[in-house]
Amino acid sequence: MDVKLHDIGEGMSEGEIVQLLVKPGDHVLVDQPLVEVQTDKVTAELPSPFAGKVETIYVKAGEVIEVGGTLLTISPIPQHTEQTRLPKRTKRILAAPFTRKVARENNIDIEEVKGTGPAGRITDEDVFRHLATTQKPEEKETERAIEKEAKERTIPFSTRRKQISAKMKKSTLTIPHVTHFDEVDVTNILEMKKAMKEGKGQSISVAAFYIKAVCVALKEFPIFNSELREEEGLIYLKPDLHIGLATDTEEGLIVPVIHHCDKLSINDIHKEMKSLHKAAMNNELTSKDLSSGTFTISNAGPLGSTGATPIINYPEAALLAFHKTKKMPVVTKNDEIIIRSIMSISMTFDHRIADGGTSMRFTNRFIELIEQPSLLLTELV
Amino acid sequence: MVVGEIIHEKDVVIIGAGPAGYEAAFRAAKNGRDVTLIDRFRPGGECLHSGCIPSKLLATAARKMHEKTPGITVTPAFCMDKWQEEKNSLIATMEKGLQARFHSSNIDCVKGQASFLSENRIGAEQGEKFEVWSFNHAILATGSSPITPNFLSSSSHPNIFPLEHLYTLSSLPNQLILFGSDYLTIEAASTFRALGVEVTIVTDQETILPEWDESIQRESIRQFKKQKVAFYTGVSGCLVKEREMTLVFCDAKGENVEVETEMIVYSIGRVGNSDSLRLDQVGIDIQDDGIIATSEECKTTSANIYACGDLTGGPFLAVKGIKQGKTAADHCCGIKSAFSLECLPKVIQTQTPISSVGLTEIEAKEAGYEVMTASSSMKANGYAMVTGNTEGKIVIHHDRENHVLLGFHAIGAGAVELIEKATLAIEMGARDEDFIYPYTPHPGYGEAWTDAIERTVEIKVETKVGQ
């Protein structure tokens with residue numbers, strides 16, 4: 001059976017063979033590393049999908065292989081049907097035939113029972129004790145799972161996690177991060193959303209409004225939509241606005257990108273967001289979906305939290321996180337206390353290329369656009 | 001398929017009416033199932049018609065020939081022709097017994113060559129009639145057939161045939177060569193020698209009874225030598241000169257040997273009778289040797305199809321087939337059954353009977369036990385002296401660590417009777433005091449066992465006194 005180079009995460013399209021870890025004729029176990037592959041993002045070991053014997057290896061170290069390309073062939077070891085044989089080389093379990101029957105009837109593998117009888121013989125009581133400790137089959141399953149969880153002190157460092165790890169390390173070791181917090185009164189946006197829902201029944205996520213506002217603000221503060229190229233001595237102000245959406249999935253953080261966000265309507269942004277989110281959850285993101293982001297938004301709001309110090313999605317320049325929206329007492333200009341919906345935000349930026357003042361002016365502009373949606377309206381293309 | 005054919009709907013359809021098949025049928029019927037049993041020949045299988053029953057009947061006759069009873073003088077004479085009549089009559093009686101049980105258990109026993117038509121249909125051809133059954137569960141018990149040694153494969157000599165045909169002869173040969181080393185060979189050699197035939201055993205194996213305890217191999221060889229049975233082990237380059245009826249081979253020392261004989265029979269292994277079943281229709285794989293792989297519940301790889309007996313591989317013993325037949329029938333009726341080969345008792349009805357259960361010394365050591373062996377000669381057994389059967393011995397292996405009985409091997413009078421106690425003892429995980437303490441009938445063959453065990457215990461005491 002052929003072993004192909006598969007997508008080991010973040011939509012890679014090709015990989016370089018760093019080294020071969022097996023040679024033809026080797027017997028490999030399932031999950032045994034076969035080759036080490038380097039992608040543009042990560043180095044990973046490809047595990048054997050099944051146990052067998054390595055027949056032919058088609059690649060050599062240094063070669064670049066496209067996803068789907070055949071790396072090697074393994075002839076699987078045929079799965080033998082369970083067949084009864086005299087267990088000649090192991091000591092026999094001591095148990096009377098009657099006791100064995102009791103165990104069989106209770107779906108207990110006699111080999112799992114600890115014998116307390118003479119010479120370690122398993123008694124009926126031992127079987128019943130085993131039954132009581134393992135309880136009902138379904139409970140037994142969960143209990144085993146819990147037991148397993150408690151026992152296991154290691155979990156596999158998945159490819160996704162490896163990638164996250166590498167990126168986070170790179171970002172924090174390169175960029176001097178600064179984060180500042182602020183609050184946005186989102187009452188007006190929420191009311192607009194509510195009115196739209198009640199009016200035409202159109203449902204648009206508030207995040208789509210935020211993203212639009214971010215786009216407007218980024219146009220005015222292009223420094224946060226840039227990339228520092230230290231070796232060239234340049235700050236590269238990117239012409240396009242591709243907004244990455246930090247998305248929490250079972251396997252870990254992933255950042256799909258809404259491309260040319262400045263050219264999209266709020267409704268389009270909403271639709272795009274939804275489809276990317278779905279693709280992320282179903283592991284269907286393509287390499288395009290994940291590439292060329294210029295600024296990242298982390299919409300932590302639905303989950304919770306009132307503040308964070310996010311790490312920038314290297315090599316971008318900044319990241320804006322939206323936190324939980326809460327109803328809070330607010331003092332008006334007229335010194336009255338009213339209830340408003342307040343969302344806290346965290347803005348992290350690269351202190352090498354921008355300072356706190358610029359960052360605060362950027363978030364102030366964002367706040368302004370959200371608190372007075374009419375201003376946002378005037379900015380729409 | 002024939003237009004308008006009638007399909008019989010059955011819970012359980014069993015193919016093969018040997019011990020595994022008919023025991024499966026009885027058990028399934030007892031469990032309330034509607035059962036059809038199909039066999040290409042007659043009920044009883046190899047066991048009744050050419051194996052266990054005929055061979056035991058001839059072994060019994062041979063034994064009686066030599067039986068000495070104090071005060072009784074007889075000059076026995078054996079007539080094979082007469083024996084055949086009695087054999088056929090016995091088989092007919094036993095077959096009738098089976099038929100009567102089928103009838104009273106509402107088992108439909110059909111003669112025909114059965115094969116699978118589809119996943120849940122079996123057809124059987126019988127002359128011009130073709131019948132079809134649909135089933136919920138099928139149990140396969142079609143048995144096995146002897147393998148012909150390569151050097152005999154092209155032979156068509158009427159006096160060269162598989163060992164079991166010996167029991168269909170109408171007269172005894174003067175000389176007989178048995179090619180093989182298994183229990184069938186040893187039993188036939190012993191029986192025919194006792195009936196006055198000049199017997200030669202030839203095998204390419206290192207020893208006779210290769211899978212048996214060494215103590216049994218040694219004692220068996222000693223007895224054969226005493227009976228003037230010639231034997232050659234570890235031979236190679238066999239060929240047969242048919243005109244002179246001479247077997248030519250190279251013995252273990254590398255010297256050429258020629259043995260002239262009247263008849264050559266062989267028993268070197270068996271293959272499963274799976275060819276005609278059309279197992280491809282149900283997706284069950286057949287191994288090279290015709291064997292079908294099964295689980296400890298006798299399940300095949302097809303969910304509702306079971307296999308039992310010789311068809312599932314060795315040891316090719318009815319005792320195993322019977323257990324598997326019951327296991328398969330119970331399991332397909334929803335009873336959680338299983339079988340194990342761990343405590344399978346094996347018996348050879350040689351003139352001095354042989355029996356064995358549990359581990360041999362080699363197997364026990366391989367399994368990691370510290371083996372303690374005790375043995376007792378039948379010469380010292382009072383009852384053996386009374387009956388005039390003082391040949392042989394009892395050998396038992398137990399675990400030095402916890403005194404658990406691991407294996408029992410007997411060659412001598414009483415071996416067949418005592419194996420039952422040994423089988424139960426090993427199943428129960430019995431330890432030495434468990435056999436020493438209970439009363440042993442006196443005089444009785446069983447005392448040899450008690451003697452053997454007690455001897456090992458006594459050694460311990462003596463050592464202590466000595467210190």
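This is a predicted model: local features need pLDDT of at least 70, side-chain atom pairs count only at pLDDT 80 or more; totals for chains, interfaces and linings use all residues.
**View 1. Chain B taken on its own.** Of the 467 residues in chain B, 45% are buried. If you trace the chain through its secondary structure, you'll come across 12 helices and 22 strands. Now look at the contacts in chain B with a separation of 6 or more: 65% of them are between residues 24 or more positions apart.

**View 2. Where chain B meets chain A.** Here 20 residues of chain B are in contact with 19 residues of chain A. Which elements give two or more residues to chain B's side? They are helix 8 (361–366) and helix 10 (415–428) of chain B. As for the kinds of residue on that side of chain B, there are 7 nonpolar, 6 polar and 7 charged.

**View 3. Helix 6 against helix 8 in chain A.** Helix 6 of chain A (residues 206–220) packs on helix 8 of chain A (residues 356–371), with the axes 9 Å apart and at an angle of about 135°. Because of that angle, helix 6 of chain A counts as oblique to helix 8 of chain A. The crossing of helix 6 of chain A past helix 8 of chain A is right-handed. To find the spot, look on helix 6 of chain A for A:Phe209, A:Tyr210, A:Ala213, A:Val214, A:Val216, A:Ala217 and A:Glu220. Their partners on helix 8 of chain A are A:Phe362, A:Arg365, A:Phe366, A:Leu369 and A:Ile370. Sort the residues of this contact by kind and you get 10 nonpolar, no polar and 2 charged.

Methods:
Residues are numbered from 1 along each chain as its sequence is written. Chains are lettered from A and ligands numbered from 1 in the order in which they are written. Two residues are in contact if their C-beta atoms, placed from the backbone, lie within 7 Å. Helices (H or I, at least four residues) and strands (E, at least two) are DSSP runs, numbered from the N terminus. Ala, Val, Leu, Ile, Met, Phe, Trp, Tyr, Cys and Pro count as nonpolar, Asp, Glu, Lys and Arg as charged, and the others, Gly among them, as polar. Axes are lines fitted to C-alpha atoms, for helices over the stretch in contact, and angles run from 0 to 180 degrees between N-to-C directions. Angles under 35 degrees count as roughly parallel, over 145 as roughly antiparallel, 65 to 115 as roughly perpendicular and the rest as oblique. A crossing is left-handed if the near helix is turned anticlockwise from the far one by less than a right angle, and right-handed if clockwise. A residue is buried if 20 or more other C-beta atoms lie within 10 Å of its own, exposed if 12 or fewer, and partly exposed in between; C-beta atoms are placed from the backbone.
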